[in-house]
Amino acid sequence: MKALEGIKVLDFTHVQSGPTCTQLLGWFGADVIKVERPGVGDATRKQLVDVPGADSLYFTMLNHNKRSIELNSKNETGKEILTRLIEVCDVLVENFAPGALDRMGFDWETIQKINPRIIVASVKGFGPGKYEDCKVYENVAQCAGGSASTTGFLDGPPLVTGAQIGDSGTGLHLCLGIVTALYQREKTGRGQKVLAPMQDSVINLCRVKLRDQQRLEKGPLTEYSQYGEGIPFGDATPRAGNDSGGGQPGRILKCKGWETDPNAYTYFITQAAIWEKICDVIGEPEWKTKPGYATPPERLDKLNEIFGRIEQWTMTKTKFEVMDICNPLDIPVGPILSTREIIEDEGLRATGTIVEVDHPERGRYASVGCPIKMSDSPVEVTRSPLLGEHTREILSGVLGYSGAELDRVIASGAVGKAS
Ligand code: CAO
């Protein structure tokens with residue numbers, strides 16, 4: 001038994017944001033039916049190809065636990081099949097460009113008439129307003145959502161982050177909206193529209209930066225390194241390098257091997273409560289009581305000196321040795337892990353966050369499994385579907401087409417070869 005067993009999802013998503021959402025629904029046990037244009041499919045199948053002729057990792061890592069049906073939703077027979085899918089599904093998820101679903105002839109009112117219980121969930125770049133018609137990709141959302149202006153160093157340009165907060169972050173938000181709407185439907189019997197704009201999702205993830213914007217109006221942000229360095233603040237939350245956002249000074253520091261290994265670094269937080277232990281570890285026991293060093297406010301204008309001294313110590317240790325020494329002392333540190341180290345991590349493999357999957361075209365490959373662990377709804381990651389792999393199975397098993405009727409829809413060209 002899986003949490004969402006019995007829920008059918010009509011998955012009209014492509015690229016990254018929508019597919020991450022429906023992949024989660026699949027991991028929670030929903031039957032996810034991915035609708036793809038005949039002969040073409042999700043554009044990511046053929047983007048950043050590493051194994052010639054095989055679906056790319058871009059596609060396979062975002063579309064686990066789904067079935068694929070080829071369906072031309074602009075063809076008359078295709079529209080008939082789509083209507084029947086809407087009748088039997090609980091959720092329709094889409095992340096087309098604004099208006100694309102309407103142009104297919106399936107606006108909210110039409111869909112509701114077909115199935116008043118269906119939940120229609122959409123990712124769009126922007127919510128209602130002047131930018132609502134824009135097509136939007138990851139980095140645009142990071143820039144418009146407050147992430148880029150607050151990421152990077154004070155003396156450098158805005159930066160986008162490696163975490164796909166615009167795409168996968170919005171997919172997460174949409175997924176939460178969908179399961180909440182399913183819960184409400186239990187009481188009302190009605191479906192509803194769920195919208196997760198990418199800009200809004202990034203803004204939600206940048207909440208603490210908007211906190212700081214309002215604090216700034218009351219005075220300088222004393223926990224930011226620039227305060228201790230005597231650099232005046234402007235009128236918006238500045239880029240704060242690797243400062244920690246929680247008010248406790250933190251930096252990324254070099255570790256043994258940094259000269260050749262770009263990830264030989266650790267994050268190090270000088271939390272007030274364990275200041276004395278830090279002084280002992282780095283060999284500066286007199287800093288515990290020395291005027292100018294003993295309390296957090298006194299240290300604010302000496303953070304560069306203090307972190308410089310801590311770094312002299314971390315540079316004598318590997319990032320894992322720093323972890324082993326500091327963790328038992330409750331000193332918060334974290335190794336900067338490379339993608340290689342993460343993929344090879346035995347602990348992450350044991351918990352199913354990193355998995356290996358067999359694929360008929362590309363062989364065995366590593367993927368990221370479900371990051372949410374539920375004690376009563378275990379996740380088994382299955383490979384992504386080939387284009388149209390389940391067309392016939394869905395037409396007959398889900399929609400009940402058989403005999404001459406099945407031959408008719410296949411002959412119409414609306415569903416690819418359906419082989
Ligand atoms: N059968 C027939 N037509 C289909 C189809 C199918 N199965 N699936 C898609 N199409 C059509 C759409 O109806 C659309 O046609 P119209 O332009 O005539 O309405 C066309 O294919 C292209 O769809 P699109 O505009 O969504 O795709 P795009 O590549 O031009 O744009 C993107 C991609 C991502 C920029 C856009 O979809 C978008 O802005 N989506 C919302 C925001 C979003 O999710 N961005 C994240 C992208 S990365 O995760």
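Predicted model: local features only at pLDDT ≥ 70, side-chain atom pairs only at ≥ 80, totals over all residues.
Q: Which other backbone nitrogen does the side chain of H359 reach?
A: That of R362, at 3.3 Å.

Q: Where is H359 in the fold, in a strand or a helix?
A: H359 is in strand β10, which covers residues 354-359.

Q: And is H359 buried or exposed?
A: Buried, because its relative accessibility is 4%, and the cut-off for buried is under 20%.

Q: What does H359 touch, leaving out residues up to four places away in sequence?
A: D55, T60, Y365, R383, S384 and L386.

Q: OK, switching to F28. Where's that one?
A: F28 falls in the loop between α1 (17-27) and β2 (31-36).

Q: Buried or exposed, then?
A: F28 counts as buried, since its relative accessibility is 11%.

Q: What is F28 in contact with, beyond four places in sequence?
A: Quite a list: K2, A3, L4, E5, C175, C370, I372, M374 and S377.

Q: How many residues lie between F28 and A3 along the chain, and what separates their C-alpha atoms?
A: They are 25 residues apart along the chain, with 5.6 Å between the C-alpha atoms.

Q: Where does L172 sit?
A: In helix α7, residues 168-188. L172 is partly exposed, because its relative accessible area is 46%.

Methods: Residues numbered from 1 in each chain as written. Heavy atoms only, no water. Helix = DSSP H or I, 4+ residues; strand = E, 2+ residues; numbered from the N terminus. Buried < 20%, exposed > 50% of the residue type's maximum accessible area, 1.4 Å probe, protein only. Polar contact = N/O pair within 3.5 Å; in protein donor to acceptor, adjacent residues only side chain to side chain. Contact = heavy atoms within 4.5 Å.
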